[in-house]
Amino acid sequence: MQEANKENEINERKKRIFSAIQPSGTITLGNYLGALRNWVNLQNDYECIFAVADLHAITVRQDPKAFKKNILEAYALLLACGIDTDKSMFFIQSHVHTHAELAWLLNCYTQFGELSRMTQFKDKSQKHADNVNAGLFTYPSLMAADILLYQADLVPVGADQVQHLELTRNIAERFNGVYGKTFTVPDAYVGTVGARVMSLQNPMKKMSKSDENVNAWVAVLDKPETIIKKFKRAVTDSDSKVCIGEGKDGINNLIGIMSAVTGKTADEITEEFEGKGYGDFKNAVGEAVIEELRPIQKKFSEYIGDKAYLEEQYRKGAESALKLSQRTLDKVMKKIGYLPK
Ligand code: TRP
């Protein structure tokens, strides 16, 4: 009986999840409700590995001082959101040298044609036409390295990264096909989908910090008065009823946000705002978002004021990540035929 239990336990070993976020300077409410908040919940049911993807970030030019600050702030903010270094591995990508190394190797198992078909590459090379660098092109092989180094089973990704994950799977399968099973072929994590938060100014578009109109997005670290102001300015429609409906993209988005932060259903929200106008509703959504973000902002300011603590955490993360990823890198190099050191 006991033996059987033990076996069950082994069979039910937690699946491993890998995900990463770029240190962009602004983490938005969309990033939080769409991804980060889910990462926090995943920590209980999966073995999670998270990273701040600072190697990916230099595919666009970064100001050194601001970049350094953004990396540390991204790390602190993720801790503040609830990434728990006792449960999960959490590190900064550039601190773990195996990422750049495996990325190079995988570049040689990734086809020019495949990379050319990536829609993000096509979009970004149009947007940054003055700096279409090779890193922008091979970005997906670095992402594949991130994932494959840890033999991750599952990767929670937004719609914009699905194609990159698909490519990661192809690279892994190709390598396994040539050298025998080396990599776990990862699946997209499709569990509880995060809220898809749209722009407050153009609710047909996803909320993005790269929007020129700052009123289009809310940052996790925006001040309460800024948050209220942005919600008050949110685009709605000429109807006046707070309910989900066609042609009511602005209100649908606000209901989605309200639902995500309060846990209430759209029907409950509609009922609550029966007979009230859009002004009241926008104000209430703003207030609810402020309440949701308040504890995160408080923790963030504690963490960012304690550089020694942050250093201790990201060093610990990098050390564990290196140990684990080195095993995969060694295996890969051996299979390719490199002479052992
Ligand atoms: N490319 C991802 C983004 O910009 C970030 C990222 C880097 C990532 N490496 C990853 C996401 C590995 C998932 C898995 O959003």
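**Exercise 1. Determine whether Lys 230 is buried or exposed, and find its salt-bridge partner.**

Solution. Lys 230 has a relative accessible area of 4%. Buried means under 20% relative accessible area, exposed means over 50%, and partly exposed lies in between (1.4 Å probe, protein chains only). Lys 230 is therefore buried. Its side chain meets that of Asp 222 in a salt bridge, with 2.8 Å from N to O. The criterion for a salt bridge is a side-chain nitrogen of Lys or Arg within 4 Å of a carboxyl oxygen of Asp or Glu. Asp 222 is buried as well, at 12% relative accessible area.

The model is predicted: local features need pLDDT of at least 70, side-chain atom pairs count only at pLDDT 80 or more, and totals for chains, interfaces and linings use all residues. Residues are numbered from 1 along each chain as its sequence is written, and side-chain values use heavy atoms, with hydrogens and water left out.

**Exercise 2. Classify both partners of the salt bridge between Lys 248 and Asp 239 by accessibility.**

Solution. The N to O distance of this pair is 2.7 Å. Lys 248 has 6% relative accessibility and counts as buried. Asp 239, with 39%, is partly exposed.

**Exercise 3. Describe the salt bridge of Lys 298 with Glu 302, and state how many salt bridges the structure has.**

Solution. The closest N and O atoms of Lys 298 and Glu 302 are 3.5 Å apart. Both residues belong to helix 13, and because they are 4 residues apart there, about one helical turn separates them. Helices (H or I, at least four residues) and strands (E, at least two) are DSSP runs numbered from the N terminus. Lys 298 is exposed, with a relative accessible area of 55%, whereas Glu 302 is partly exposed at 47%.

**Exercise 4. Which residues form the negative surface patch, and where is Glu 274 found?**

Solution. The patch is formed by Asp 267, Glu 268, Glu 271 and Glu 274. Patch residues have over 30% relative accessible area and no salt bridge; like charges are joined within 9 Å, and nonpolar side chains (Val, Leu, Ile, Met, Phe, Trp, Tyr) within 5 Å. Glu 274 lies in the loop between helix 12 (266-272) and helix 13 (278-304). With a relative accessible area of 55%, Glu 274 is exposed.

**Exercise 5. How many disulfides does the structure hold?**

Solution. A disulfide is a pair of cysteine sulfur atoms within 2.5 Å. For Cys 81, the closest cysteine sulfur is in Cys 48, 15 Å away, which is too far for a bond. Cys 81 is buried at 10% relative accessible area, while Cys 108, at 48%, is partly exposed. The number of disulfides is 0.

**Exercise 6. Locate Gln 151 and describe its phi angle.**

Solution. Gln 151 is in the loop between helix 8 (134-149) and strand 4 (154-155). Its phi is positive, about 55 degrees, although Gln 151 is not a glycine. Its relative accessible area of 18% makes Gln 151 buried.

Definitions and conventions:
Areas by Shrake-Rupley, 256 points an atom, 1.4 Å probe, with all protein chains shown as cover. Lys, Arg positive; Asp, Glu negative; His and termini not counted. Charge placed at Lys NZ, Arg CZ, Asp CG, Glu CD.
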